[in-house]
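Work through the exercises below with the structure in view. Try each task before reading its solution.

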Amino acid sequence: MRDTAAESSKNRFVSALLLAEKGDFWGAIDAFRTVHSPDAAAKAAVHHATARAFQELGVADSARTHAEKAAAIEPENRSYLLTLASVAHQMKDYGRSVDIYTDLVKLDPGRSDYLAQLALEHIASGDPEKALAVFQRMLQLDPSDESTRAQVLLLEIKLKHYHSAIETLSGLIEEGEEKARLELTLGELYVETGQSALASKTFRKILAANPRFLPAWLALLELSVETKDRESFLLDLNAFYNTSGLKPEQKISLAELFYVRAAKDSAYIEPLYGMLAEIGKRYPGETSAMMLTGKLKLREKKPREAEREFSAVLRLHPAHIEAWEDLIAAYIMQKEYVKAAGAVARAKKLARVTPMRLLVLEGYTAYQVGDVRKAVRLLEKALQVKHREKERWLYLQAASTLAMSYDKLGLREKSLAMYRAILLLDSGNALAMNNYAYLLSLQGRDLAEAKNLAMKAAAQEPDNPVYLDTLGWVLFGLGEYREALQHLEKAFSLAGDDPEIAGHLLKVYEKTGENEKARLLRLRIGVMGGK
């Protein structure tokens, strides 16, 4: 039987496909290169198969080259277009994949999977408006498709088409377990569109059907805060606390949510105090509410009032480690370091394993009372503890105190290394930028970098005399005396009789020939020294 050229080519193609099926993609690609056929359809099939093999290997450029060739030969072949679209998406050429799916939709206007993928490619390309239009077209084809309506709703909310979203959501709400959550979203959309009365009505409707649905209570109380309707807030708060079937911890959880909101919006502080007062009346001795009150006092820089709350918790529960930690923080805020050290010692006896925060507080207290070597030992130990992301602030606090401790001990290189580590984790840390810049200025090295850091720190806190002093001293080291004078004079006026800042300012006066100012400052420094 005579083996024709066409048959030979076909056999080589089949053999190559078998290699690809076995996972030998490079072998398959080499075999595809030996397949030669004058037939256009056969050429397209070879290019497509080669593209798939390159795609499996992750060689996107070559996969795209062959996929484009296959699609050029047969521009209406759905399989070839889908492969090309897949490769284009993989290469993040979302514009090309949008074009391809647009072509596929033209070929099969009723294919919902093509439409859905086109919408997703529009989203990937950063054009949600066009994606929304495609999803709306899908709804016209199948109005009962809840998944598509949900996509439409999400995009309408994202694009702030709130009135359209209200209409879409109203159509989604049906009887069922998700009804309350959908109605909650509807109420939130009414809030966004300024329809407070409708929002309140919606939230109350949810609560009438399900009085224990906490998200609706939260939304209703937040609405009263946002609209400054204090009377409604107090009435609704009383109704919430009178709701039977809710556990105390559920009622307190709402106060915890308000605590989080109050950190960003001061309008929530007074209502939060109202919540905590109600909890105190209804559940005397409820430590979680007392802890929340104390933390709020700390946040408001009222450490003595916070101290009373944490002390009350500890009278009820002497082994409450978090209360000990917060009490120590309150002592530190009042600069009562001896009391803080005593509290640390008592807390350590109660804790089976010393928590990281307690180590950091103990280290900071040791630094403040002058036991710097102890501070180093404790803080080095604290930094060995693997911190979670939510404890990042604690890690930074420990690292900052450790860097200052190294500096106190004359370990300048260790201090510099610690500040570099802090800035890698928190590039905008003003304290680390300032202290790092000052250490560089003392060594007279890398002053251009020191200037950049000192300027950034001073920009964050333009009335901080310490930061202004650092910037002035760095500029002095660079020979920029007039600029240095400007910052140091401001620093001295803000800091009052600070001998270090005065000494820096005197150096600049002497360098710039301000003899009379220098003479008067020397006299003032002499008086300062005699105090």
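**Exercise 1.** Find which residues form one aromatic cluster with Trp217.

Solution. In this predicted model, Trp217 clusters with Phe240 and Tyr241. Next, count the pairs: the structure holds eight aromatic pairs.

**Exercise 2.** Classify the ring pair of phenylalanine 13 and phenylalanine 32.

Solution. Start with the distance: the ring centres are 5.8 Å apart, inside the 6.5 Å limit for a pair. Then take the angle. The planes stand at 50°, so the pair is tilted. Now place the residues. Phenylalanine 13 sits in helix 1 and phenylalanine 32 in helix 2, so the pair ties together parts 19 residues apart in sequence. Last, check burial, which means under 20% relative accessible area. Phenylalanine 13 has 18% and counts as buried. Phenylalanine 32, at 3%, is buried too.

**Exercise 3.** Check the span of helix 21 (residues 356-368), then decide how enclosed the helix is.

Solution. At 1.5 Å a residue, its 13 residues should span 18 Å. The end C-alpha atoms are 18 Å apart, which agrees. Twelve of the 13 residues are buried, so helix 21 is largely enclosed by the rest of the structure. Its buried residues pack against helices 19, 20, 22 and 23. After helix 21 comes glycine 370, with a positive phi near 95°.

**Exercise 4.** Describe how helix 27 packs with helix 29.

Solution. The angle is about 35° and the axes are 10 Å apart. The crossing is left-handed. From helix 27, Pro465, Asp469, Trp473 and Phe476 make the contact; they meet Ile501, His504, Lys507, Val508 and Lys511 of helix 29. Sorted by type, the contact residues are five nonpolar, one polar and three charged.

Definitions and conventions:
Residues numbered from 1 in each chain as written. Predicted model: local features only at pLDDT ≥ 70, side-chain atom pairs only at ≥ 80, totals over all residues. Heavy atoms only, no water. Axes fitted to C-alpha atoms, helices over the stretch in contact; angles between N-to-C directions. Helix = DSSP H or I, 4+ residues; strand = E, 2+ residues; numbered from the N terminus. Left-handed = near helix turned anticlockwise from the far one by under 90°. Contact = heavy atoms within 4.5 Å. Nonpolar A, V, L, I, M, F, W, Y, C, P; charged D, E, K, R; others polar. Expected span 1.5 Å × (residues − 1). Buried < 20%, exposed > 50% of the residue type's maximum accessible area, 1.4 Å probe, protein only. Phe/Tyr/Trp six-rings, centres within 6.5 Å; stacked < 30°, edge-to-face > 60°.
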